[in-house]
Amino acid sequence: MKLTAISIFPEYFAPLELSLIGKARSQGLVNFSSINLRDFTYDNHHTVDDTPYGGGAGMVMKPEPWGEAIDSQIQGQNVVDLVILTPAGTKFNQRFAQTFATSEHIIFACGRYEGIDARVAEHYRSIPSVRVHEISIGDFVLNGGEVAALVMIEAIVRLIPGVIGNPESLLEESHNEMGEVEYPTFTKPATWRGLSVPDVLLSGNHGEIARWRSEEAQRRSQSR
Ligand code: 6GU
């Protein structure tokens, strides 16, 4: 899988060197690159924003650098998923992560300021080899799409076969097919600061344990 982030702060993606994602990269399971939007400007100031038509506060990202940057990444590609990060987008969830985990190439367009000129999404929707997704990671406002892209990348890359050592852990975890969150988990010691692990988990009775976990998962899913 190829992942490309386009941003005015490509340094934001440095953490992708770490941990499981870093390992997936060094194993060749994912190929990540971040590119600087300002490299696709032609004026001395490398301008990427301007005032909004119709007035109002804040600045809007100009379409031309985005067009040039995205074009440079879709050349000669089959199909690409173009993810435009915006708090006004469709909310990201585990189902989206599963769908994107089968993508060949995802381009993350990380806007700043009051967002990217709306014609960028419109233009790429008219290109048959590009699937455009405007996506938010939740009902709150970030300063830009970079952190949202990092969240999506982590959720997606861990679903690629071979990235997680034990694929069974993917089946049991929260937000699985059942839409349920996970049951509470415990490890040694059996008593910690006066708090004991539920007896059933020490019983060795696998049927009872499975029943207890499923009840706890249901209870948590309802109350949260
Ligand atoms: Cl994708 N971008 C920004 N700027 N804020 C957000 C977001 C994205 N998702 C939630 N808040």
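How many residues of the shell around the ligand are nonpolar, polar or charged? The shell divides into seven nonpolar, four polar and no charged residues; Gly counts as polar here, while Ala, Leu, Ile, Phe and Pro are among the nonpolar ones. Keep in mind that this is a predicted model, where local features need pLDDT of at least 70, side-chain atom pairs count only at pLDDT 80 or more, and totals for chains, interfaces and linings use all residues. Residues are numbered from 1 along each chain as its sequence is written, and side-chain values use heavy atoms, leaving out hydrogens and water.

**Around the ligand**
- The residues surrounding the ligand include Leu-85, Thr-86, Pro-87, Ile-135 and Ser-136, where being near takes a heavy atom within 4 Å.
- β5 (80-91) and β7 (130-136) each give at least two residues to this shell, and β5 has the largest share, with three. Strands here are DSSP runs (E, at least two residues), numbered from the N terminus.

- A polar contact is a pair of N or O atoms within 3.5 Å.
- A ligand nitrogen sits 2.5 Å from a polar backbone atom of Phe-140.
- For Ile-137, a polar backbone atom is 2.9 Å from a ligand nitrogen.
- On its own the ligand exposes 290 Å², and the protein buries 97% of that (Shrake-Rupley method, 1.4 Å probe).

**Ser-26**
- Ser-26 belongs to helix α1 (residues 19-26); helices are DSSP runs of H or I, at least four residues.
- Ser-26 counts as exposed because its relative accessibility is 64%, and exposed means over 50% (1.4 Å probe, protein chains only).

How values were computed: Polar contact = N/O pair within 3.5 Å; in protein donor to acceptor, adjacent residues only side chain to side chain. Buried < 20%, exposed > 50% of the residue type's maximum accessible area, 1.4 Å probe, protein only.
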